[in-house]
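Q: Could you give me a close look at the aromatic rings in this one? I'd like to know what sits around them, and then anything else worth a look along the way.

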Amino acid sequence: MHVVVLGAGIVGLQTAWHLRLKGHRVTVCDPDVAGGATYAAAGMLAPVSEVQFGQERLYPLLVAARREYPCLVEELGRATDLPTGFLDNGTLLIGGDRSDLERVRDHARVHTEYGLNIQRLATQEIQQREPFLNARIAGGFAAPDDAQVDPRVLCVALRDALSRELDPTEFPGAGPAVEWVAERVERVTGSADGPYAVHTDGGMEGVADRVVVACGMGCTSLSGILSDLSLDLRPVYGDILRLRPRDPVGADRKPVLSSTIRATILGRQVYLVPRDDGEIVVGATVREDGLDGIHAGGVHELLEDAITVLPALRHFEIADITARARPVSPDDIPYVGLIPKAPGILVSAGYSRHGILLAPLGARLGAALLSGEMLSSEDAELLAAMNPGRIEREAAPNHSLTQKGPANGNHHR
């Protein structure tokens, strides 16, 4: 089949990859590949430390998604020589003072109840692992199964793998190299079962047997057969910083941080994600104030809290400050499923702040569903949890499982 993918973020690219491996011919439409929420994401693969209170339905999805990454990295390693940005470095969850540590303990207690791997650490053990952390840290926990991936690096590798001719001995039955259209899709028309006409803002029109809608908040502005696509999505903005050491990390100079840190400081949350080259990603605010630009107060608090955790950061260079809108569903669970009135169209959107972690799971299951494949009972259950119609079926008057961050940008996750 010829499949057109609307959106080239982390979800669209990985869905295109799975579709190509199944033998389909794929066209990806996006004027800015990986330039949306993917570009700003820190890339924590953290089913333990990322889940918040009241998000029990997310646990099986996040844990299953974490298992997908080794396969994805291995596949890309056979398709391209470019790095994937994957690093299996674990996470430390720490509290700045006794009150902060008590909050971290409460969080760890929930994880333990769900059988997730989390280990109590004394202050001395934390200092032994990460000697540059503030010596006054009250204590914390280790989540050794957590990992990270640099989304910017991963998307470059994905685009290269999608654009290359694949070795038929390594990827038997794979489809041709992906065609790229640097335009935004405005409208999709056609009969319910297809084929579909895809219209771009540049005046192009193409025909597709199947369509994947993976364009984040752009899903809400599509017209034609998708004009009444009823997805409850809202933009939640986040500011994120990238700090670079003034002296490059090399054989004679080790980075100041090796583990990902999720810290609670004066009741606020901040994370520090170290890259191989010594760069440290600091994030992120959660705000719903409609500000597309960078929030000064949020950046100030991020820097203040990050330097409290890792004092050496005051000597780093600010390499980048980015703000993007995350497409968020009411329960933080993405929408992945076929559209009832157009069963040849797959929607894959609303991944919230878990998009980098959930992308390979949503992409694999979405590609299988669109291809008409039989699913295992486990996969069918995971896909049912992401069914786009689930929100409408919720009987409770307040179906939101998460608290919205305040509009002033003072709440970090």
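**Rings and their surroundings**

A: Let's begin with a charge: the charged end of R159 sits over the ring of W180, at 4.7 Å from the ring centre. Keep in mind that this is a predicted model. There's another arginine like that to look at: R152 lies over the face of Y39, 3.6 Å from the centre of that ring.

Now for rings against rings. A pair of aromatic rings is described by how far apart the centres are and by the angle between the planes. Searching the whole structure turns up two aromatic pairs. One of them is W17 with F171: the planes meet at 80 degrees and the centres are 5.7 Å apart, so this pair is edge-to-face. It links distant parts of the chain, since W17 belongs to helix 1 (residues 10–21) while F171 is in the loop between helix 6 (151–163) and strand 9 (179–181), 154 residues apart. Both partners are tucked away: W17 has 0% relative accessibility and so counts as buried, and F171, at 7%, counts as buried too.

The other pair is Y69 with F86, and here the planes are at 10 degrees with the centres 6.4 Å apart, so the rings are stacked. Y69 comes from helix 3 (residues 59–79) and F86 from strand 4 (residues 86–87), so the pair ties together parts that are 17 residues apart in sequence. Y69 counts as buried because its relative accessibility is 1%, whereas F86, at 24%, counts as partly exposed.

Stay around there for a moment and find T84, which is in the loop between helix 3 and strand 4. T84 has 11% relative accessibility, so it counts as buried. Setting aside residues up to four places away in sequence, T84 touches V73, L76, V149, D150, V153, L154 and A157.

Buried in helix 7 you'll find G298, V299, E301, L302, D305, A306 and V309. Looking down the axis of helix 7, these buried residues fall within an arc of 165 degrees, so they line one face of the helix. An α-helix has 3.6 residues a turn, so residues three or four places apart point the same way. Over on the other side of helix 7, A296 and H300 are exposed. As for what the buried residues of helix 7 pack against, the partners include strand 5 (91–95), strand 16 (260–265) and strand 19 (317–328).

Strands 17 and 18 bring us to G278, which lies in the loop between them. G278 has a relative accessible area of 7%, which means it is buried. Beyond its neighbours within four places in sequence, G278 is in contact with L243, P245, V249, P255 and F316.

Last stop, a sheet: four strands form an open one in the order 12-11-10-14, with mixed pairing. Strand 12 (205–208) and strand 14 (223–224) stand at its edges with a single partner strand each, so one side of each has no neighbour in the sheet. Strand 12 pairs with strand 11 (residues 196–200) in the antiparallel sense over four bridges, and H199 stands opposite E205 of strand 12.

How values were computed
Residues are numbered from 1 along each chain as its sequence is written. This is a predicted model: local features need pLDDT of at least 70, side-chain atom pairs count only at pLDDT 80 or more; totals for chains, interfaces and linings use all residues. Side-chain values use heavy atoms; hydrogens and water are left out. Rings of Phe, Tyr and Trp (its six-membered ring) pair if their centres lie within 6.5 Å; planes under 30 degrees apart count as stacked, over 60 as edge-to-face and the rest as tilted. Helices (H or I, at least four residues) and strands (E, at least two) are DSSP runs, numbered from the N terminus. Buried means under 20% relative accessible area, exposed over 50%, partly exposed in between (1.4 Å probe, protein chains only). A charge sits over a ring if NZ of Lys or CZ of Arg is within 6 Å of the ring centre and within 35 degrees of the ring normal. The arc is that of the directions from the helix axis to the C-beta atoms. Contact means heavy atoms within 4.5 Å. Two strands pair if DSSP finds at least two bridges between them.
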